[in-house]
Amino acid sequence: QVQLVESGGGSVQTGGSLRLSCSTSRNIYTNNSMGWFRQAPGKEREGVAVADRDGLTIYADSVKGRFTISKDNAKNTLYLQMNSLKPEDTAMYYCAADSFLWHKFLQNWQGAFAYWGQGTQVTVSS
C-alpha cells in the first residue's frame, strides 16, 4: 500500500547533505514504527534507520554517525538528515511504516511493509 510520500532527494557531491521527508496520515504515523530503506541497482534492499513509536532509533552501521532519523509529531512527518554523503549512499530511498518495522530492520527484511512510499532518488557523485 502506497500511503507515504517521500521528498527531498536529489544529486549532490561527495561530502554534501540532503534532508528527506516522508509525509503520511495521522493514523499511520501514530500506530506504526517508521523508517527509511534504500536500494541501489543490482543490490539488495538495505535498512537505513528506524524510529519506533516511543522515539527509539536504530541505524545501519554504514550510516551511523552521518545520518539522523527524526519525527515531527505535529506534522505526521518522518525525516532523514543525511550528512557527509558518499557515492555508496546512491540509491532509491523508501519510507516505510509497519508495526513490526523494528523487527524487519533487524532481520534485513526483503519482503513487504504495511505501508511504503514510491521512493525518492539520492545520487552522490565523486
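Biologist: What percentage of the 126 residues in the protein chain do buried residues make up? After that, please take strand 5 in detail, with the strands that pair with it.

Modeller: Buried residues make up 44% of the 126 in the protein chain, where buried means under 20% relative accessible area, exposed over 50% and partly exposed in between, with a 1.4 Å probe and protein chains only. The model is predicted, so local features need pLDDT of at least 70 and side-chain atom pairs count only at 80 or more, while totals for chains, interfaces and linings use all residues. Residues are numbered from 1 along each chain as its sequence is written, and side-chain values use heavy atoms, without hydrogens or water.

The protein chain has two helices and eleven strands; these are DSSP runs numbered from the N terminus, helices being H or I of at least four residues and strands E of at least two. Their order from the N terminus is β-β-β-α-β-β-β-β-β-β-α-β-β. A compact globule of 126 residues would have a radius of gyration near 14 Å, and the 13 Å of this chain agrees (taken over C-alpha atoms; the rule is 2.2 Å times the number of residues to the power 0.38). The C-alpha trace spans about 40 × 30 × 25 Å along its principal axes.

Now strand 5, residues 46-51. Five of its six residues are buried, so strand 5 is largely enclosed by the rest of the structure. On one side of the sequence, strand 4 (residues 33-39) runs antiparallel to strand 5, joined by five bridges; two strands pair if DSSP finds at least two bridges between them. Met34 stands opposite Ala51 in this pairing. The two strands form a hairpin with six residues between them, and Gly42 in that turn has a positive phi of about 75 degrees.

Strand 5 also pairs with strand 6 (residues 57-59), again in the antiparallel sense, over three bridges. Here Ala49 is opposite Tyr59. Five residues separate strand 5 and strand 6 in their hairpin, whose turn holds Gly55 with a positive phi of about 90 degrees.

Strand 4 leads on to another site. Its residue Arg38 has a side chain joined to that of Asp89 by a polar contact of 2.9 Å (a pair of N or O atoms within 3.5 Å; within protein, one able to donate a hydrogen and the other to accept it, and residues adjacent in sequence counting only if both atoms are side-chain atoms). Asp89 is in the loop between strand 8 and strand 9, and its relative accessibility of 1% makes it count as buried. Beyond residues up to four places away in sequence, Asp89 touches Arg38, Val63, Arg66, Phe67, Ser84, Val122 and Val124, with contact meaning heavy atoms within 4.5 Å.

Strand 8 (residues 77-82) in turn runs antiparallel to strand 7 (residues 67-72), with six bridges. Asp72 is opposite Thr77 there, and the hairpin has four residues between its strands, including Asn76 with a positive phi of about 50 degrees.

Strand 9 carries one end of the structure's one disulfide (cysteine sulfur atoms within 2.5 Å). The sulfur atoms of Cys22 and Cys95 are 2.0 Å apart. Cys22 lies in strand 3 (residues 18-23) and Cys95 in strand 9 (residues 91-98), so the pair ties together parts 73 residues apart in sequence. Both cysteines, Cys22 and Cys95, are buried.
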